[in-house]
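I opened my notebook beside the model today and went through it a few places at a time. Here is what I looked up, in the order I went.

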Amino acid sequence: MPSRLSMDMQKDLLVKGWMSHDARWFMAVAERFGIEEADRLNQKVCRELGGVEMKRFMKALSLSLPKNMDEHLAMNKEAISLYGPDLIDYEIKVLDRQSYEMHIKRCFAHENVVKAGIKDQYKCGILARVQGWIDAQGLKHELIPPLGRCMKVQGKECRYTLRLRFD
């Protein structure tokens, strides 16, 4: 029997399933080992996952390592549209040939840690995943400010500057 679900519906169900798994894994680790260990492991796993998924993404599309900011940003935009376009609302502002600012206006992780009642302890895993993408693209980079507690729960704008080195 052919699937009655469109490709978009299938993708949406898979992304939502993955996010549900991710949230439950995080909470299970936090309950067993404490929130600090859950945050540490989450950032590590998110960065490693980002690297794996970007390598697979690049291979599937036969993409080369980005040689400049335009190629890097186009690749990331395309990856976000695949891996969870409805998970965040964001803007990119290019600062120069090697730097850009990412302003995350709405973030599913922030929304969910607020619902889960752990907002005051949670450390960002979203940008760790983006760092994994950058690692997979063969780029050295600097993230300013360094990852820490969720900016939104601190009453701040979620803004990061990424400085890249294209060799």
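I began with Asn 42, which is found in helix α2; helices (H or I, at least four residues) and strands (E, at least two) are DSSP runs, numbered from the N terminus. Asn 42 has a relative accessible area of 3%, so I logged it as buried. For that word I use under 20% relative accessible area, with exposed being over 50% and partly exposed in between (1.4 Å probe, protein chains only). Which residues does Asn 42 touch, not counting residues up to four places away in sequence? I listed Asp 22, Trp 25, Phe 26, Tyr 122 and Gly 125, where contact means heavy atoms within 4.5 Å.

A note on the ground rules: this is a predicted model, where local features need pLDDT of at least 70 and side-chain atom pairs count only at pLDDT 80 or more, while totals for chains, interfaces and linings use all residues. Residues are numbered from 1 along each chain as its sequence is written, and side-chain values use heavy atoms, with hydrogens and water left out.

Next I turned to helix α5. Of its 11 residues (126–136), 10 are buried, so the rest of the structure largely encloses this helix. Among the buried ones I noted Arg 129 and Gln 131. Just after α5, I found Gly 138 with a positive phi of about 75°.

Gly 132 sits in helix α5 and counts as buried because its relative accessibility is 0%. Leaving aside neighbours within four places in sequence, I found Gly 132 in contact with Arg 47, Gly 50 and Gly 51. I also checked Gly 132 against Ile 80: they are 52 residues apart in sequence and 13 Å apart in space, C-alpha to C-alpha.

Ile 126 touches Ile 104, Cys 107, Phe 108 and Ala 109, not counting residues up to four places away in sequence.

On to the rings. My search of the whole structure gave 3 aromatic pairs; rings of Phe, Tyr and Trp (its six-membered ring) pair if their centres lie within 6.5 Å, and planes under 30 degrees apart count as stacked, over 60 as edge-to-face and the rest as tilted. Phe 57 and Tyr 83 have ring centres 6.3 Å apart and planes at 55°, so I wrote down a tilted pair. Phe 57 lies in helix α2 and Tyr 83 in helix α3, so this pair ties together parts that are 26 residues apart in sequence. Tyr 83 and Trp 133 form another tilted pair, 6.3 Å centre to centre with 40° between the planes. That pair links helix α3 to helix α5, its two residues being 50 residues apart. Phe 57, at 6% relative accessibility, counts as buried, and Trp 133, at 4%, does too. My last entry on the rings: Phe 57, Tyr 83 and Trp 133 form one aromatic cluster.
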